[in-house]
Amino acid sequence: MTQQMRDLQLAQARKPPGPSSPNAAKRLYRNLSGKFRVNYTSFDEGSLVGRGEKEKLRKSYLFQSNAALFEAVELQDLDRVQELLKNYSPEELDLNTPNSEGLLPLDIAIMTNNAPIARALLQAGAKESPHFVSLESRSLHLSTLVREAEQRVNELMAQVVNEAPNADCSEKEKQLKAWEWRFRLYKRMKAGFEHARVPDAPSSVHLSVASSSSLQVTFWEPLSVNSAVVTKYKVEWSCSPTFSPLLGEAVIDKLKDLRFTIQGLVSGTAYHVRVSAYNMKGWGPPQASMPPSAIPSNWREYDGRAPRRRGQAEALDHLLGQVKTVHQHCICHEPCKNQPQSRKHSVSKSLKHLFHPGSKFLKTLKRGLYLTAIFYKDDNILVTHEDQIPVVEIDDTYSCLLMQDFLWFTKVSCMWDEILWLRQCVTVSQSSCSCILQTRFKMLLAISQMQGLLGIQDLGQVFFEPIKDKQGNILIVTLKEVKTNQTFESVRWVPICKLQTSRKSVSSPEEPTALDTLLISVQDKLAYHQRSSHALSPGLYLGYLKLCSAVDQIRVLVPERLPNILCHVKIRSNPNISREEWEWLQKMASVEEPVPTEPEADTPQNPLFQELQVAIKELMTLVNIPLQEAKDFRLYSQEVLDFGDQVSFLLLLPPSDDVCTAPGQNNPYTPRSGFLTLPLQIFELGEERDCQN
């Protein structure tokens with residue numbers, strides 16, 4: 001055995017011993033395959049042993065799992081490799097610890113040219129053996145493995161031929177077959193290494209401007225299938241097209257996403273980029289990016305515009321602090337001296353009910369304005385001990401403008417923790433005794449009552465419209481998903497389907513009460529709530545702004561699958577608009593050119609121009625508008641709408657006369673199913689919440 005092999009064995013002295021022979025490794029692999037399946041089923045069921053025993057059983061297999069992974073790679077069992085990678089972490093598998101032959105699982109996969117297994121290992125974080133510092137060292141090591149395996153085969157064959165048949169001879173025959181199999185494996189690995197060549201250049205390299213100080217490089221694997229598996233890439237950048245001098249380079253060995261962002265660049269400076277691939281034979285030729293160079297920039301540099309939301313949150317917090325300071329003299333239950341007697345009695349009755357130890361939720365509605373809070377977890381919903389959705393009364397003689405009060409209520413929902421302070425302020429302001437102030441004070445009382453009965457401050461998000469029935473009841477609904485084992489007072493969890501089937505309705509199907517309507521449509525409301533909290537993936541989007549007006553409100557068209565965002569399609573994954581791209585958009589807007597729906601022969605190959613063409617066609621199809629109508633549409637050229645650092649929007653606007661459809665106005669192009677209209681203030685509130693998150 002060579003000195004190199006002896007050094008490798010010494011390096012493995014602290015590693016738990018592997019199978020004593022290749023045949024033993026095969027038996028271990030087969031046995032573990034069955035044991036893993038049985039024990040993972042029992043782990044899921046949790047019926048045979050406790051959690052502590054499960055952990056002991058799991059740990060007892062960890063030292064063997066590494067040998068099982070090696071055997072699965074050697075046998076080219078892709079399914080088993082994926083199963084082990086899924087069930088164990090790289091640390092538990094000792095994914096990057098060499099075995100007694102100085103090899104890693106990835107070494108075996110790439111030298112047998114098993115691309116699917118190699119890619120699975122690479123995505124899990126596998127590395128090549130650090131012992132192979134050169135092509136010569138790898139070749140020498142493989143030759144040593146082949147020679148020693150061949151020597152072992154010859155020794156065992158001689159012993160089997162010369163010895164008389166007995167138990168020892170039978171065991172040596174098994175060892176001979178195992179070593180013959182391993183000899184063939186090493187020869188195949190050696191042949192794979194010798195016939196391999198350096199990889200071709202990446203098939204494509206795309207360069208885009210990520211910000212005023214960074215560029216994003218996206219690349220694709222080489223097209224050739226004859227070279228060995230690529231295990232890493234190198235990105236290089238320079239201010240010179242000859243790449244001399246070289247300003248920087250980065251080696252990417254995590255190949256789950258073939259993308260790299262070059263940070264710390266100088267705005268306004270052109271950079272050239274190229275990418276090359278690496279396999280066990282070395283680095284291949286570089287592939288220049290397309291376009292050949294790019295200049296870090298941002299659209300705001302066009303006119304030096306500051307971000308719209310910069311400092312707004314801090315300013316609002318400061319303003320709220322000033323308001324609180326002015327109202328520090330308020331007393332929570334200061335009476336209103338100028339109230340009419342009937343109003344005094346109503347408020348007094350509400351306060352008495354709120355603080356009475358026997359306060360309960362309502363079971364039925366008796367014509368008025370009510371508040372209900374829906375808390376849900378998976379398929380369960382929170383109900384009172386009488387199996388009712390929690391409901392409290394706001395006002396039993398409500399006669400004000402509902403939409404104004406409802407929109408005010410939605411703004412209050414952003415300050416659930418400040419309800420006590422808001423009640424103090426509204427109490428002091430009741431000297432005018434207006435209907436609006438009286439109703440809003442009662443809303444705050446109802447919120448406090450609901451919070452007190454449930455034992456929680458945050459009542460969630462307000463559903464975008466109240467529920468009304470023909471009996472004169474109005475129900476304001478809040479929705480909140482509970483993701484932890486949170487405890488509540490005076491309530492319990494029940495399955496939604498059970499609540500719907502067990503409730504006895506007191507109304508007719510033709511004229512259901514607001515509570516019945518809520519129960520019938522509760523799944524739709526929960527689905528709306530869940531979808532409204534979803535976020536867009538990073539990228540640049542094209543949004544479509546369409547409004548319609550009513551007597552008391554303006555509504556905006558949104559998709560049902562994402563009601564917190566305008567109707568949209570994705571333009572590209574890079575959210576940044578560079579200065580050059582913004583200058584092109586401004587030029588197009590200044591000459592009042594129509595939006596680019598069809599390519600023109602003499603149009604320069606502007607990537608954004610091509611991306612917009614595709615996006616506009618897709619968006620027009622989505623909202624059911626003929627493509628020829630889009631020629632009269634406009635791109636909003638005042639700004640790019642930024643939602644954080646990862647999502648940005650360009651807006652597509654209909655002709656000015658069609659941006660907002662008036663009551664009674666005919667709209668020939670009605671969007672297909674899958675859309676709804678939200679009150680503009682509700683949409684803006686949800687948008688603000690998304691930006692804060």
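The side chains of Glu583 and Arg579 meet in a salt bridge, with N and O separated by 3.4 Å, where a salt bridge is defined as a side-chain nitrogen of Lys or Arg within 4 Å of a carboxyl oxygen of Asp or Glu. The structure is a predicted model, in which local features need pLDDT of at least 70 and side-chain atom pairs count only at pLDDT 80 or more, whereas totals for chains, interfaces and linings use all residues. Residues are numbered from 1 along each chain as its sequence is written, and side-chain values use heavy atoms, with hydrogens and water left out. Both Glu583 and Arg579 lie in helix 17 (residues 579-590), four residues apart, which is about one turn of the helix; helices (H or I, at least four residues) and strands (E, at least two) are DSSP runs, numbered from the N terminus. Glu583 is partly exposed, with a relative accessible area of 34%, and Arg579 is also partly exposed, at 34%, given that buried means under 20% relative accessible area, exposed over 50%, and partly exposed in between (1.4 Å probe, protein chains only). Salt bridges that share partners also join Arg572, Glu581 and Glu611 into one network.

By the salt-bridge rule, the count comes to 20. One of these pairs is formed by Arg119 and Glu221, whose closest N and O atoms are 3.4 Å apart. This pair links distant parts of the chain, since Arg119 is in helix 6 (residues 115-123) and Glu221 is in the loop between strand 2 (214-220) and strand 3 (232-238), 102 residues apart. Arg119 has a relative accessible area of 38% and is partly exposed, as is Glu221 at 37%. In another pair, Asp642 forms a salt bridge with Arg300, with the closest N and O atoms 2.9 Å apart. Asp642 lies in strand 21 (residues 641-643) and Arg300 in the loop between strand 8 (287-294) and helix 9, so the pair ties together parts that are 342 residues apart in sequence. Asp642 is partly exposed, with a relative accessible area of 28%, whereas Arg300, at 15%, counts as buried.

The protein chain as a whole contains 19 helices and 24 strands, and buried residues make up 47% of its 693 residues. Among contacts (heavy atoms within 4.5 Å) between residues at least 6 apart in sequence, 73% join residues at least 24 apart. The accessible surface of the protein chain comes to about 35900 Å², of which 52% belongs to carbon and sulfur atoms; accessible areas come from the Shrake-Rupley method with a 1.4 Å probe, and for residues only the protein chains shown count as cover.

In the interior, a nonpolar core is a set of buried Ala, Val, Leu, Ile, Met, Phe, Trp, Tyr and Cys residues joined through side-chain atoms within 4.5 Å. The largest nonpolar core has 82 residues, of which Leu371, Ile374, Phe375, Ile381, Ile447, Leu454 and Ile476 touch the most other members. Helix 13 (residues 435-454) gives the most to this core, with nine residues. When neighbours within four places in sequence are left aside, Leu454 is in contact with Phe361, Ala373, Phe375, Pro390, Leu459, Phe488, Glu489 and Val491. Apart from this core lies another, of 64 residues, among them Phe132, Phe193, Tyr233 and Leu258.

Several features of the backbone were also noted. Most residues other than glycine have a negative phi, and most peptide bonds are trans. The peptide bond from Ser244 to Pro245 is cis, with omega near 5°, and Pro245 lies in the loop between strand 3 and strand 4 (248-252). The bond from Met290 to Pro291 is likewise cis, with omega near 0°, and Pro291 is placed in strand 8. Asn113, although not a glycine, has a positive phi of about 55°; Asn113 lies in the loop between helix 5 and helix 6 and is partly exposed, with a relative accessible area of 43%. Arg367, also not a glycine, has a positive phi of about 60°, is located in the loop between helix 10 (341-355) and strand 9 (369-377), and counts as exposed at 55% relative accessibility.
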